[in-house]
Amino acid sequence: LGRWLYFAIPKEQKKVQHGLSSAFGPMKSPPTIRRLARQVYVDLGKNAIEAMRLRVTSKAELHRMVKAEGLEHIDAALTQGKGVILLTGHIGSWELNGAYIASLGYPLHVIAKPLYDARLDRLLVDNREQWGVRNIARGQHTRDILRALKKKEIVAILIDQDTKVDGVFVDFFGKQAYTPSGAAVIATKTGAPIVPITIHREQDDTHHVVVEPEITLVETEDKQADRRVN
């Protein structure tokens, strides 16, 4: 599926190659960049199948597929009593990441952009909710986010895309990239700690979740500068 999509959509193929070239620069040759770009789509194909299979995946199977380190950072953040903002991106099998964290008993909400097809969106949301992940449609339910944090629960935000929401330009691989600032703004206003979390695929197609320590935010009298720094 992934290989077929790579060759079927030349425009996206060039976009991926451009992104990889921007990240690696002269460190990787053009043939290597093309090979990595194909692998990106192979991984996306695997991610899609795993996400669709969540409906029929058992908890035991999920825990065989996914291992985690650093969960104590979520626990420590929760003890502050202000909820937690989990910060991540569309990297690795992010749907498995949410299902796994929820399967451990953490009260998890995910902010997600509705898909272009309402039927597919309903299927994806149903898959999340089956694992206890509560879905918040991006840009529509700010009060739901604040309510979840007030209840000392967890809100996961994926901030690696320019989604036309309020943001700032920050340095990313030596270039200025427009980045959503909502997570930093909400954390500053509510006091909710921000905890980064990632997931990556291993060679044997198991997954490794890594939770990092809480990010310390900068707070000065210059709120606009703080937003950019944070």
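**Entry 1: surface charge.** I looked for charged patches on the predicted model and recorded a positive one on the surface, formed by Arg3, Lys28, Arg34, Arg35 and Arg38. Patch members have over 30% relative accessible area and no salt bridge, with like charges joined within 9 Å; a salt bridge places a side-chain nitrogen of Lys or Arg within 4 Å of a carboxyl oxygen of Asp or Glu. Areas are Shrake-Rupley values with a 1.4 Å probe. I noted that helix H3 (residues 30-53) gives the largest share of the patch, three residues. Helices are DSSP runs (H or I, at least four residues), and strands are E runs of at least two.

**Entry 2: arginine 35.** I located arginine 35 in helix H3. Its relative accessibility is 47%, and therefore I list arginine 35 as partly exposed (buried is under 20%, exposed over 50%, partly exposed in between).

**Entry 3: nonpolar core.** I found 28 residues in the largest nonpolar core, where Leu62, Ile74, Leu86, Ile101 and Leu108 have the most contacts. Such a core joins buried Ala, Val, Leu, Ile, Met, Phe, Trp, Tyr and Cys through side-chain atoms within 4.5 Å. Elements supplying at least two residues each include helix H4 (59-65), helix H5 (71-78) and strand S2 (84-88). H6 contributes the largest share, five residues.

**Entry 4: helix H6.** I checked the cover of H6 and found nine of its 10 residues buried, among them Glu95, Asn97 and Tyr100. Glycine 105 follows H6 and has a positive phi, near 100°.

**Entry 5: conventions.** Residues are numbered from 1 along each chain as its sequence is written, and side-chain values use heavy atoms, without hydrogens and water. Local features need pLDDT of at least 70 and side-chain atom pairs pLDDT 80 or more, while totals for chains, interfaces and linings use all residues.

Terms used: Patch = residues over 30% accessible without salt bridge, like charges linked within 9 Å, V, L, I, M, F, W, Y side chains within 5 Å. Lys, Arg positive; Asp, Glu negative; His and termini not counted. Charge placed at Lys NZ, Arg CZ, Asp CG, Glu CD. Buried < 20%, exposed > 50% of the residue type's maximum accessible area, 1.4 Å probe, protein only.
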